[in-house]
Amino acid sequence: MQSSGMPELAEVEYFRAIWDAGVRQRVEKVKLHAGKRIFRGSDSRLLQRALTGATFLGSETRGKQIALRFSGDAWLGIHLGMSGDMRVEPPDFKPEKHDHLTLFQKKRALVLKDPRMFGRVRFHVGKDLPDWWSSPAPAITSRQFSLKWVREALQRRRGPIKGALLSQNIFPGVGNWMADEILWQAGVSPTRVASGLNEDELHALWKATRSITKTALKTIGVDWGDPPKNWLIHVRWKKTGKCPRDGSKLCRETIAGRTTAWCAQCQE
DNA sequence: CAACCTGTTCGCCA
DNA sequence: ATGGCGAACAGGTT
């Protein structure tokens with residue numbers, strides 16, 4: 001699998017857990033690149049003041065969104081966009097050009113890097129939950145992410161199924177590679193109109209979404225490990241990519257605004 | 001060097 | 001009103 005961090009739900013979970021090294025520890029100092037695009041819409045000076053001296057209590061993910069809780073009812077929101085990653089450095093670390101936010105603790109520095117800054121840092125203080133932490137969509141791993149949920153959401157869509165899979169309000173955390181993987185494993189062509197799938201196809205799509213999510217979280221999500229060898233992800237960017245199932249040459253086209261790879265033989 | 005990129009948001013339109 | 005589309009965002013990589 002490609003090593004650069006371009007995060008969908010499993011990659012996001014992997015990076016979130018990296019900062020667990022600092023849970024229950026105080027933040028001694030905060031360094032940030034105020035005014036950078038990554039802080040758009042939030043007050044980075046207020047963030048800096050509120051997190052200095054606060055204790056990092058824990059974090060969780062919702063799709064591609066990460067929420068980190070701190071003492072004093074302070075919340076940090078991180079979205080990694082296209083090029084974000086999170087890492088841990090020694091406490092005397094000097095942030096580099098793209099390290100836009102660094103939380104210094106006694107024994108380590110928690111670093112957020114995002115060269116392209118399509119990602120975003122948010123901030124909230126209060127007893128109430130941040131508004132950016134609410135989502136209409138149930139987690140794919142939850143019971144509420146049912147066949148019924150998928151069926152009803154897809155009924156409203158007129159465009160290609162590929163576009164519907166990228167909608168965070170339906171499939172939270174699914175991005176470009178997962179969408180292609182889901183369609184390939186379900187045997188559904190990315191060009192099909194979302195509302196036109198029959199019951200068998202809907203069921204296959206729902207099952208593939210659940211199992212790919214589960215497996216990605218157990219591999220990529222834990223230690224950036226490789227997903228199963230026979231998955232499409234390993235060949236989808238190769239110029240001469242071949243379908244792992246039947247060996248035929250993969251199609252590549254822009255569908256719903258994203259480069260899409262699929263096998264015209266086994267996806268109808 | 002030009003093209004391309006695992007994401008979201010905006011404005012415009014149907 | 002909701003959804004779909006293209007453009008824009010910014011830097012690194014091929």
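Domain bounds come from an automatic or database domain assignment. This is a predicted model, in which local features need pLDDT of at least 70, side-chain atom pairs count only at pLDDT 80 or more, and totals for chains, interfaces and linings use all residues. Residues are numbered from 1 along each chain as its sequence is written, chains are lettered from A and ligands numbered from 1 in the order in which they are written, and side-chain values use heavy atoms, with hydrogens and water left out.

**View 1. Residues near DNA strand C.** A residue is near a strand if one of its heavy atoms lies within 4 Å of it. Those surrounding DNA strand C include Arg 37, Pro 115, Phe 118 and Arg 156. By class, five are charged, two polar and two nonpolar.

**View 2. Contacts with phosphate oxygens of DNA strand C.** A polar contact is a pair of N or O atoms within 3.5 Å. A side-chain N or O atom of Arg 157 lies 2.4 Å from a phosphate oxygen, and one of His 98 lies 2.8 Å from a phosphate oxygen. Gly 159 uses a backbone N or O atom, at 2.8 Å.

**View 3. The second largest pocket.** A pocket is an open set of points on a 1 Å grid over the protein atoms alone, where a 1.4 Å probe fits, with protein on both sides within 12 Å along at least five of seven lines; lining residues have an atom within 4 Å of a point. The volume, the space filled by probe spheres set on the points, is about 480 Å³. Among the 24 lining residues, Arg 62, Gly 63, Lys 64, Gln 65 and Pro 172 are the closest to the centre. Domain 1 (9-133) and domain 2 (147-262) each supply at least three lining residues.

Notes: Polar contact = N/O pair within 3.5 Å; in protein donor to acceptor, adjacent residues only side chain to side chain. Nonpolar A, V, L, I, M, F, W, Y, C, P; charged D, E, K, R; others polar.
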